[in-house]
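Please keep the sequence and the structure in view while reading.

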Amino acid sequence: MAKRKGVHPLVSAATLAPLAIGLLTPNTPAHLATARTAHHMTAVAASCTLPFDAIAVHHPIDDSCGPSGSESDDTTARAMQNQAKNNFCAQGAPVNIDFEVLHQLQADAENQGITFGSDGQIPSDRSVLQNLPTKAGPLGEGTVARIAAFVIKAKYSNVGKGESVNCKQTDREGNDIHIVLGEKSNQDDECSSATAEMSPHFRPDTWDPSVLTDHNERLYRFTGQIFFDASHRPCSPERKGSPKRSAIWELHPVYGVDICADPSNNCTVDNDQNWVALSDSVGTGTPPTETRLWLPENLLKESPARATPSGQGHVAHPASRFPPPL
């Protein structure tokens, strides 16, 4: 199905009044105004503006798939996890976190006996995922946070089989983008990685796997809500994880993406200097349907080489252009 660029009609009045979108915070069930169909829940009101409202794009899934996904009963553990995944309304200034914080949250969950590892082990009470102790202070699901990391890889997940949260849609446009984050480089072992997920709902065109990986020698900064994905498990000596990761606490959904504009990756998560919004640094190269990253000219000249098996650095596409960001 064709998509229409721009803000969804239900979101267009957000600058004048609280908006209505098909997504909500998982902690506000009293705000639900749902219409049931045979396969999904639709049209749910939420009093918030999309975190990326200025670059949001309307997709067919925005009209057909509500916060509970394919769950017909929105009180089940999986439905509540789907609602948490679809939370675009988390509030507050982003808390700066790192991989250690995610590992502390993982240890906190395990110490409290919170179940995870499969759909059958999703906790039915998600309030236990709040106010967990970390070096960054008490954190939990629904906290807005940001992390600086390298992109090891990025891909559309569950294409061909679908996922409950996205109403089992099977195409790229209807599924999350799964991003594997490295703490030290874009070639870190995936079992040491963290995870960020871009929801298909209102996803901007510039948020694309190829854009993220074309220049993954650069540091990225991801902002989103902290989420506990209990359907999976982290790597351990006995298991490799599903998929591989060091913690099942992730940023999901992503609210914003920045790329480091310093040729030496001189960017820190807690300082806005040298960060450029990804949406301000993307252009269209050749062929016309392929998304390319536009970076300042000094990045093209001085960009650190990406390691390859042959030892050769990454070479920019010859048709790419790198004007300064807007």
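This is a predicted model: local features need pLDDT of at least 70, side-chain atom pairs count only at pLDDT 80 or more; totals for chains, interfaces and linings use all residues.

## The second largest pocket

Helix H2 (77–85) and strand E8 each contribute at least two residues to the lining of the second largest pocket. The largest share comes from H2, which provides four residues. The space in this pocket amounts to about 420 Å³. Its lining is made up of 25 residues, and those closest to the centre are Lys-85, Asn-158, Glu-163, Asp-229 and His-232. Sorted by class, the lining holds twelve charged, ten polar and three nonpolar residues.

## Helix H2 and Lys-85

The buried residues of H2 are Ala-79, Gln-81, Asn-82, Gln-83, Ala-84 and Lys-85. These buried residues pack against E7 and E8.

Lys-85 belongs to helix H2 and is among the residues closest to the centre of the second largest pocket. Is Lys-85 buried or exposed? Its relative accessibility is 4%, so Lys-85 counts as buried, the limit for this class being under 20%. Beyond its neighbours within four places in sequence, Lys-85 is in contact with Glu-163, Val-165, Gln-225, Phe-227, Asp-229, His-252 and Pro-253. Two of these partners, Glu-163 and Asp-229, are also listed with Lys-85 among the residues closest to the pocket centre.

## Backbone features

Two of the contacts of Lys-85, His-252 and Pro-253, are joined by a cis peptide bond, with omega near 0°. Pro-253 is part of strand E8.

Asn-158, another residue closest to the centre of the second largest pocket, has a phi near 60°, which is positive although the residue is not glycine. Asn-158 is placed in the loop between E4 and E5, and its relative accessibility of 22% is why it counts as partly exposed. Asn-265 likewise has a positive phi, of about 55°, without being a glycine. Asn-265 sits in the loop between E8 and strand E9 (275–277); because its relative accessibility is 16%, Asn-265 counts as buried.

## The nonpolar cores

Which residues have the most contacts inside the largest nonpolar core? They are Ile-179, Leu-181, Leu-212 and Phe-222, in a core of 50 residues. Two or more residues of this core come from each of helix H3 (99–111), strand E4 (144–156), strand E5 (177–182), strand E6 (194–198), helix H4 (209–214), strand E7 (220–228) and strand E8 (249–260). Apart from it lies another core, of five residues, including Phe-150, Leu-219, Cys-260 and Trp-275. Nonpolar side chains tend to be buried together in soluble globular proteins.

With neighbours within four places in sequence set aside, its contacts are Phe-99, Ile-147, Ala-149, Phe-150, Val-151, Ile-152, Ser-193, Ala-194, Thr-195, Ala-196 and Phe-222. Under the exclusion of neighbours within four places in sequence, Ala-194 is in contact with Phe-99, Leu-102, Ile-179, Val-180 and Leu-181. Ala-194 and Pro-234 are 40 residues apart in sequence, and their C-alpha atoms are 9.6 Å apart in space.

## The chain as a whole and its confidence

The chain has 326 residues, of which 52% count as buried. Its secondary structure comprises five helices and eleven strands. Of the contacts between residues at least 6 apart in sequence, 72% join residues at least 24 apart.

The average pLDDT of the chain is 80, and 72% of the residues score at least 70. Where does pLDDT stay under 50? One stretch is residues 24–45, for which the model has 53 contacts beyond four places in sequence. Another is residues 297–326, for which the model also has 53 such contacts.

How values were computed:
Residues are numbered from 1 along each chain as its sequence is written. Side-chain values use heavy atoms; hydrogens and water are left out. A nonpolar core is a set of buried Ala, Val, Leu, Ile, Met, Phe, Trp, Tyr and Cys residues joined through side-chain atoms within 4.5 Å. Buried means under 20% relative accessible area, exposed over 50%, partly exposed in between (1.4 Å probe, protein chains only). Contact means heavy atoms within 4.5 Å. On a 1 Å grid over the protein atoms alone, a cavity is a set of points where a 1.4 Å probe fits but cannot get out, and a pocket is an open set with protein on both sides within 12 Å along at least five of seven lines; lining residues have an atom within 4 Å of a point. Grid points are joined across faces, edges and corners, and a volume is the space filled by probe spheres set on the points. Ala, Val, Leu, Ile, Met, Phe, Trp, Tyr, Cys and Pro count as nonpolar, Asp, Glu, Lys and Arg as charged, and the others, Gly among them, as polar. pLDDT is the predictor's confidence in each residue, from 0 to 100.
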